[in-house]
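This report walks through side-chain packing and charge pairing in one protein model. Please keep the sequence and the coordinates at hand while reading.

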Amino acid sequence: STHCLVYILHVGKIFSRAKIIPSTSYWNSEWAKILAFDALIGNTDRHQENWGLVVSIKKEEEAKIHELSNSDSIDLSFETKLAPAFDNGTSLMYEILDTNLHKFISPARRASYIQKGTHQMKMIPSDVKKAGHLDLLEVFARRHPEVILDFAQVINGMTKVEDILQEMVRFDIGVPFTSLRASVLTDTITERIEYFKKRLNL
């Protein structure tokens with residue numbers, strides 16, 4: 001696969017010049033938030049089919065549609081935005097079986113797991129290996145220092161992780177979300193946040 005950060009940023013420039021998106025700064029900001037969120041939840045699957053665009057008719061154009069008859073034709077203006085992050089399933093330690101969760105009670109084991117986390121995309125097309133979660137964010141920030149503010153926004157928004165995970169424990173489902181899993185995930189995400197703040201100087 002040639003899916004990589006460099007191409008993503010280049011696509012933003014092309015879309016901006018073609019006036020498909022509001023601006024490259026908008027594009028970079030939205031991607032920064034998605035990639036920061038992916039890093040915090042350990043998502044490994046943001047490949048080229050797991051992002052997209054939402055195209056909608058501008059609000060001021062909607063009235064024109066209602067005035068059309070079957071024989072009318074009209075030029076409409078559209079606005080295009082990056083779709084909200086979707087298909088986040090390969091994340092949150094999904095691959096760790098309940099029988100192995102107890103091993104991650106150890107802070108050292110969690111730290112090793114966090115540091116080994118990789119993204120689906122590469123830095124550049126010729127890279128053999130996929131990019132580490134934090135490595136990708138660091139390169140992004142070096143190219144576009146302004147996205148540090150977007151990283152911080154995502155990190156600062158992760159304030160209710162423990163409450164959300166504990167609520168999931170109460171779900172009555174066939175394969176239960178255990179209290180141990182909620183505890184390990186809470187610790188892992190909390191440690192990712194601190195690790196990311198340190199690496200990104202947030």
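How many salt bridges does a search of the whole structure find? The search finds 8, and because the model is a predicted one, side-chain atom pairs count only at pLDDT 80 or more.

The side chains of Arg-110 and Glu-191 meet in a salt bridge, with N and O 2.6 Å apart. Since Arg-110 belongs to helix α4 and Glu-191 to helix α8, this pair ties together parts that are 81 residues apart in sequence. Arg-110 is buried, its relative accessible area being 5%, whereas Glu-191 counts as partly exposed at 27% relative accessibility.

A salt bridge also joins Arg-199 and Asp-135, whose closest N and O atoms are 2.9 Å apart. Arg-199 lies in helix α8 and Asp-135 in helix α5, so the pair ties together parts that are 64 residues apart in sequence. Both partners are partly exposed, Arg-199 at 26% relative accessibility and Asp-135 with a relative accessible area of 37%. Together with Glu-138, these two residues are linked in a network of salt bridges. Within helix α8 itself, Glu-194 forms a salt bridge with Lys-197, the closest N and O atoms being 4.0 Å apart; the two residues are 3 residues apart in this helix and are therefore separated by about one helical turn. Glu-194 is partly exposed at 47% relative accessibility, and Lys-197 is partly exposed at 30%.

## The two sides of helix α4

Helix α4 spans residues 107-115, and its buried residues are Arg-110, Tyr-113 and Ile-114. Seen down the axis of α4, these buried residues fall within an arc of 100°, so they line one face of the helix. On the other side of α4, Ala-108 and Gln-115 are exposed.

What covers the buried residues of α4 includes α8, which runs over residues 179-200.

## The largest nonpolar core

The largest nonpolar core holds 44 residues, of which Leu-5, Trp-31, Leu-35, Phe-140 and Phe-151 touch the most other members. Helices α1 (5-17), α2 (24-41), α5 (133-143), α6 (148-156), α7 (161-169) and α8 each supply at least two residues of this core, and the largest share, 9 residues, comes from α2.

Which residues does Phe-151 touch, not counting those up to four places away in sequence? Its contacts are Ala-32, Ala-36, Leu-137, Phe-140, Ala-141, Leu-200 and Leu-202.

## Aromatic rings

Across the whole structure, the search for aromatic pairs finds 7. In one of these pairs, the ring centres of Tyr-195 and Phe-196 are 6.2 Å apart and the ring planes are at 45°, so the pair is tilted. Tyr-195 counts as partly exposed at 23% relative accessibility, while Phe-196 is buried, with a relative accessible area of 2%.

Elsewhere, ring pairs link Phe-15, Trp-27, Trp-31 and Trp-51 into a cluster; Trp-31 has already been named among the core residues that touch the most other members. A ring also takes part in a contact with a charge, for the charged end of Arg-109 sits over the ring of Phe-104, 4.8 Å from its centre.

Methods
Residues are numbered from 1 along each chain as its sequence is written. This is a predicted model: local features need pLDDT of at least 70, side-chain atom pairs count only at pLDDT 80 or more; totals for chains, interfaces and linings use all residues. Side-chain values use heavy atoms; hydrogens and water are left out. Buried means under 20% relative accessible area, exposed over 50%, partly exposed in between (1.4 Å probe, protein chains only). The arc is that of the directions from the helix axis to the C-beta atoms. Contact means heavy atoms within 4.5 Å. A nonpolar core is a set of buried Ala, Val, Leu, Ile, Met, Phe, Trp, Tyr and Cys residues joined through side-chain atoms within 4.5 Å. Rings of Phe, Tyr and Trp (its six-membered ring) pair if their centres lie within 6.5 Å; planes under 30 degrees apart count as stacked, over 60 as edge-to-face and the rest as tilted. A charge sits over a ring if NZ of Lys or CZ of Arg is within 6 Å of the ring centre and within 35 degrees of the ring normal.
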